[in-house]
Amino acid sequence: MLAKVHSGAVYGVDAYPVEIEVNEGRGDPQTVIVGLPDAAVKESKDRVQTAIVNSGYEMPMGRLTINLAPADVKKEGPIFDLPMALGILATLSMVPQENLADCALIGELALSGKVRRVRGALPITMAMKRAGRKIMIVPQENADEAAVVDGIKIYPVANLREAADIIGSVARPSPFTINVEKTFESTSTCDDDFADVKGQEQAKRAVEVAVAGGHNLLMLGAPGTGKTMLAKRIASILPLMTPEEALETTKIHSIAGVLAPHQALVTHRPFRSPHHTVSDAGLLGGGAHPMPGEVSLAHHGVLFLDELPEFHRNVLEVLRQPLEDGKVTISRAAASLTFPCRFMLVAAMNPCPCGYHGDRKRECRCTPLQIRNYRNKISGPLLDRIDIHIEVPSVGYHELSGLSSGEPSATIRERVISARKIQKERFHGRKIHCNAGMHSKDMTKFCHLKDDAQSILKMAIGELHFSARAYDRILKVSRTIADLAASDQIESEHISEAIQYRTLDRQFWI
């Protein structure tokens, strides 16, 4: 007897339908899985058989052949456990086959019959909706993310018997639903606040400009000056995610398996801070079965690289293309996958190995050769792709001991949101969300300089020998500074401040 069950599998950041055919035939009792299964899928037969028996059902006495179609695409993971088990029960008429036509199932089975959560529930549910399925049966811990998709009924199950009861029931219970708007409203505020930062007014201003325009930022200073403290508080001034951004980001986190149980959406902009020992595959993504890396997990958020020169040089160099294109392509012999990775890069580093080169209070112990080798770990092309470079100086006693607190994050965030609104109207109808994403023709159209501003920029380019890419970065940053000032044109003070944020690479690297 033949039974068909519908499921899905992840491919990149999307998913595709998988049809599971289960046939009971004559022969010795054994189970054969075909359709390019990997080791985890092959092991499913033992989990499924034990779960069926422990759930109070009987296994067929003949030969079982399970085909996963399309047969020319490799199937991975334990996601097909639950649909295979329901297909086997359907061959024994323990569940009605006609009820399986509009249903899709995903889930890993424990030996007891319990249904465990899986990765990629959100993109698979979206693929099942496109395929015309009306009902989606998922593990309980995946129900919230699956319920984000409108137009398909979500039924969470705790074990195999519950799934069989839902399939066989004439009067099903009410499907699981969530209020997406309420999910955004319940987003908690960030615990870290810029009011906690003593002094560093220039650095805080640079951070505000970087966030307002989505610009990449490099902070350079001695240990203990507050670089990491500033970086961790960037999340408190970022604008809220739009529903479209939240859905894109949640899909990536769902595929990577980093969503918390019962989490519906990623409503906070991600803040990823990988250790400096991360590999290029861990940063960009990859592996035998390509998975999203840290740059993709930081999509629509912040990627913070602390102690930048401590990262392997080959790891830093692979960041060049993602910073430019906003996506990373992983090519393998069998397929080529593309993951989105439009993020704001924030990096921090010391000026030398000991950290005190140029410090007024402590003497540097490094030799010139050590300093040069340390700085050469950051290549010029990578540095050119970082829009803003700032020096974070040491904080004096009077600033540290002062009772007055700095400007709160809520106030800074209001200015950031106002600047982002201007940019949203400027790029309406296009896939550009902030000034950092402008192309050459956009800068020609929107970066109008007054005569005195043009003179300042011309003089700076001639004396400081900025590259063409650095010139573009200066224009983009000055446009953001003008937006913060609600100015249509870029004036001399805007261009001067933007040039100030590009002097560190010339001061330390030439």
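The legends below describe close-up views of a predicted model.

In this predicted model, local features need pLDDT of at least 70 and side-chain atom pairs count only at pLDDT 80 or more, while totals for chains, interfaces and linings use all residues. Residues are numbered from 1 along each chain as its sequence is written, and side-chain values use heavy atoms, with hydrogens and water left out.

**View A. Packing of helix 8 with helix 18.** Helix 8 (residues 201–213) and helix 18 (residues 409–426) pack with their axes 8 Å apart and at an angle of about 35 degrees; helices (H or I, at least four residues) and strands (E, at least two) are DSSP runs numbered from the N terminus, and axes are lines fitted to C-alpha atoms, for helices over the stretch in contact, with angles running from 0 to 180 degrees between N-to-C directions. The crossing of helix 8 past helix 18 is right-handed, where right-handed means that the near helix is turned clockwise from the far one by less than a right angle, and left-handed that it is turned anticlockwise. Helix 8 contributes Glu208, Val211, Ala212 and Gly213 to the contact, and helix 18 contributes Ile412, Arg415, Val416, Ala419, Arg420 and Gln423, contact meaning heavy atoms within 4.5 Å. These residues divide into five nonpolar, two polar and three charged (Ala, Val, Leu, Ile, Met, Phe, Trp, Tyr, Cys and Pro count as nonpolar, Asp, Glu, Lys and Arg as charged, and the others, Gly among them, as polar).

**View B. Packing of helix 4 with helix 10.** The axes of helix 4 (residues 121–130) and helix 10 (residues 243–256) lie 7 Å apart, and the two helices pack at an angle of about 115 degrees. Helix 4 is therefore roughly perpendicular to helix 10, the classes being roughly parallel under 35 degrees, roughly antiparallel over 145, roughly perpendicular from 65 to 115 and oblique for the rest. Ala121, Leu122, Pro123 and Met126 of helix 4 meet Leu247, Thr250, Lys251, Ser254 and Ile255 of helix 10, and by class this contact has six nonpolar, two polar and one charged residues.

**View C. Crossing of helix 21 and helix 22.** Helix 21 (residues 468–484) and helix 22 (residues 492–500) cross at roughly 130 degrees, and their axes come within 8 Å, which means that helix 21 is oblique to helix 22. The crossing of helix 21 and helix 22 is right-handed. Ile474, Leu475, Val477, Ser478, Ile481 and Ala482 of helix 21 make the contact with His494, Ile495, Glu497, Ala498 and Ile499 of helix 22, and the residues comprise eight nonpolar, two polar and one charged.

View D. Most residues other than glycine have a negative phi, and most peptide bonds are trans.
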